[in-house]
Amino acid sequence: MAGQIYQRPDWPSFHCDQGALAHQLGAVRYRQGRLIGRMQALGFPLQEQAVLKTLTEDVLKSSEIEGEILDRNQVRSSIARRLGIDAGALLPADRNVEGIVEMMLDATQRFDQPLSSARLFGWHGALFPTGRSGLDKIKVAQWRDEESGPMRVSSGTYGRERVHYEAPAADRLDHEMRGFLIWFNREEELDPVVKAALAHVWFVTIHPFDDGNGRIARAIADMSLARSEASPQRFYSMSAQIQLERQAYYEALEATQKGGLDITHWLEWFLACLDRAFDGAEAILSSVFRKAEFWRANAATQLNERQRDILNRLLDRFEGKLTTSKWAKIEKCSADTALRDINELVALGILARDEAGGRSTSYSLAEIKADR
């Protein structure tokens, strides 16, 4: 497959039109600074909840981009446990959940530490603890080799994949990754947000592993974004925004691979996507405030642990409709106990019955009343 950017004689001498990017970069950096300032002005408990929601979304959506659906409550519990955040009842998490959480937290909490091949191997091993990707056995914690043939980067469902480009041959990986890591760890005048975008596309171009390259590339970008803020606290999710714009994401990557080493177009797309990710942070902030107001309004209300757990789940983004049977399954109690818990909350005005009744009766949170 000819015409890839890594086949050019001046690879990897990336460049861009800095004048064309100046206004966009300035606007993004301004919004980033304002968002971080607003979040840091919150009290510590609200900051923790915002970070927990953001990191949960980041882990979930980075996996969804690759077609892997993780359990939201397991992800949330794993993050809360590792960061020491009070998040109510914590669930045990599967190994694959623990692995991607471990990688993401290592990237963002230790953003100021050098990136090395050993660290990348650790991340890869955490992503694939069984040594398999689905049913396929893969090489873990080492660069890919030529055993499985050329590495073609694709998207789409099995049997209907679209190949976007072909990555460098395996015998080039030691050299390519050495150059990438030297550049990433080097202090330079390049803005860290621009460096996040460049690191992302550079790593994805090399595609050094059998699988997991996209998730690791996004973790590297998050690491650089954390460096741009000099803070491990994450208040917005680039991965969540990329998931919303998945088709445009792959199109931008493909166009970059088949163009020259002027990556102005990719940087423009990345900055625009990041700007839209800040809008998602506003939704997270609104949700955190709503949860805080809910518990403030119900501070004197006597509730059991089952009720508190379900209410927190509803406030954090409950999947599907809440029914008596779902309550009983989640809280591991009888249907009669679940119905009694629910009826108490309805009588208190905390839950409301949805319009559809009978056997399909479901419940939602009632509007928060400030004088409760």
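Residues are numbered from 1 along each chain as its sequence is written, and side-chain values use heavy atoms, with hydrogens and water left out. Because the model is predicted, local features need pLDDT of at least 70 and side-chain atom pairs count only at pLDDT 80 or more, while totals for chains, interfaces and linings use all residues.

Helix α1 covers residues 18-40; helices here are DSSP runs of H or I with at least four residues, numbered from the N terminus. From first C-alpha to last, α1 reaches 31 Å, close to the 33 Å expected at 1.5 Å a residue (1.5 Å times one less than the number of residues). Asp 17 caps the N-terminal end of α1, with a side-chain oxygen 3.2 Å from the backbone nitrogen of Gly 19. Several residues of α1 are buried, among them Leu 21, Leu 25, Val 28 and Gln 32. Buried means under 20% relative accessible area, exposed means over 50%, and partly exposed lies in between (1.4 Å probe, protein chains only). The buried residues of α1 pack against α2, α7, α8 and α11.

In soluble globular proteins, nonpolar side chains tend to be buried together. A nonpolar core is a set of buried Ala, Val, Leu, Ile, Met, Phe, Trp, Tyr and Cys residues joined through side-chain atoms within 4.5 Å. The largest such core in this model has 91 residues, and those with the most contacts inside it are Leu 120, Trp 123, Phe 180, Ile 220 and Trp 266. Helix α11 supplies the largest share of this core, 12 residues. A second, separate core of 19 residues includes Leu 322 and Tyr 363.

Lys 195 lies in helix α7. This lysine is buried, with a relative accessible area of 7%. A polar atom of the Lys 195 side chain lies 3.1 Å from the backbone oxygen of Phe 184. Leaving aside neighbours within four places in sequence, Lys 195 is in contact (heavy atoms within 4.5 Å) with residues including Trp 183, Glu 188 and Ser 224.

Finally, the structure holds 0 disulfides, a disulfide being a pair of cysteine sulfur atoms within 2.5 Å. Cys 273 is buried at 0% relative accessible area, whereas Cys 16 counts as partly exposed at 25%.

Methods: Helices (H or I, at least four residues) and strands (E, at least two) are DSSP runs, numbered from the N terminus. A polar contact is a pair of N or O atoms within 3.5 Å; within protein, one must be able to donate a hydrogen and the other to accept it, and residues adjacent in sequence count only if both atoms are side-chain atoms.
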